[in-house]
Amino acid sequence: MDLVGDVDTAALCLLSEAVDWLADDDVPPGVLIDLAAVTFAGSALLNFLARLSRRMPAGTELIVWRPSARASLVLRASSGRSAPRTTFLPAEQS
């Protein structure tokens, strides 16, 4: 799943729908969330990741991939505490 643009309170409804869709019993063993195109990230991003992590079936890993600079700032500030079973993979550096 790709998140694009601002991930803030205006996106809460869409993020909630995404949690419901991704937390379905037919989820593969891993869910990858690409944050490369996030232009703003607030607490809505952290809440989304935490809710998704809690709702996924046991054994499912949440992978946060290529966080933009803005998303990285929020993720670093939280120290990843809000979303257990989450792997953070930065963009490959040249």
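Which residues of H3 are buried? They are Ala 71, Ser 72, Val 74, Leu 75 and Ser 78, where buried means under 20% relative accessible area, exposed means over 50%, and partly exposed lies in between (1.4 Å probe, protein chains only). These residues cover an arc of only 165° around the axis, so they lie on the same side of H3; the arc is that of the directions from the helix axis to the C-beta atoms.

This is a predicted model, in which local features need pLDDT of at least 70 and side-chain atom pairs count only at pLDDT 80 or more, while totals for chains, interfaces and linings use all residues. Residues are numbered from 1 along each chain as its sequence is written, and side-chain values use heavy atoms, with hydrogens and water left out.

**Overall architecture**

- The protein has three helices and four strands; helices (H or I, at least four residues) and strands (E, at least two) are DSSP runs, numbered from the N terminus.
- Read from the N terminus, the order of the elements is β-α-β-α-β-α-β.
- The protein consists of 94 residues, of which 41% count as buried.
- The protein exposes about 5,500 Å², and carbon and sulfur atoms supply 56% of that area; accessible areas come from the Shrake-Rupley method with a 1.4 Å probe, and for residues only the protein chains shown count as cover.
- Among contacts between residues at least 6 apart in sequence, 83% join residues at least 24 apart; contact means heavy atoms within 4.5 Å.

**Strand pairing and crossover**

- Strand E1 (residues 2-7) pairs with strand E2 (residues 30-41) in the parallel sense over five bridges; two strands pair if DSSP finds at least two bridges between them.
- In this pairing, Val 4 stands opposite Ala 37 in E2.
- E2 also pairs with E3 in the parallel sense, over five bridges, and Val 31 stands opposite Leu 62 in E3.
- From E2 the chain passes through helix H2 (residues 43-55) to E3, forming a right-handed β-α-β crossover; right-handed means that, with the strands pointing away from the viewer, the path from the first strand over the helix to the second runs clockwise.

**Leu 32 in strand E2**

- Leu 32 lies in strand E2 and counts as partly exposed because its relative accessibility is 35%.
- The C-alpha atoms of Leu 32 and Ile 63 are separated by 4.6 Å, although the two residues are 31 residues apart along the chain.
- Leaving out residues up to four places away in sequence, Leu 32 touches Met 1, Ile 63 and Trp 65.

- Arg 66 is found in the loop between E3 and H3 and is partly exposed, with a relative accessible area of 30%.
- Arg 66 is not a glycine, yet it has a positive phi of about 50°.
- Ser 68 belongs to the loop between strand E3 (61-65) and helix H3 (69-78), and it is buried because its relative accessible area is 11%.
- A polar atom of the Ser 68 side chain lies 2.7 Å from the backbone oxygen of Val 38.
- Neighbours within four places in sequence aside, Ser 68 is in contact with Leu 35, Ala 36 and Val 38.

**The other side of H3**

- On the other side of H3, the exposed residues are Ala 69, Arg 70, Leu 73, Arg 76 and Ala 77.

Definitions and conventions:
A polar contact is a pair of N or O atoms within 3.5 Å; within protein, one must be able to donate a hydrogen and the other to accept it, and residues adjacent in sequence count only if both atoms are side-chain atoms.
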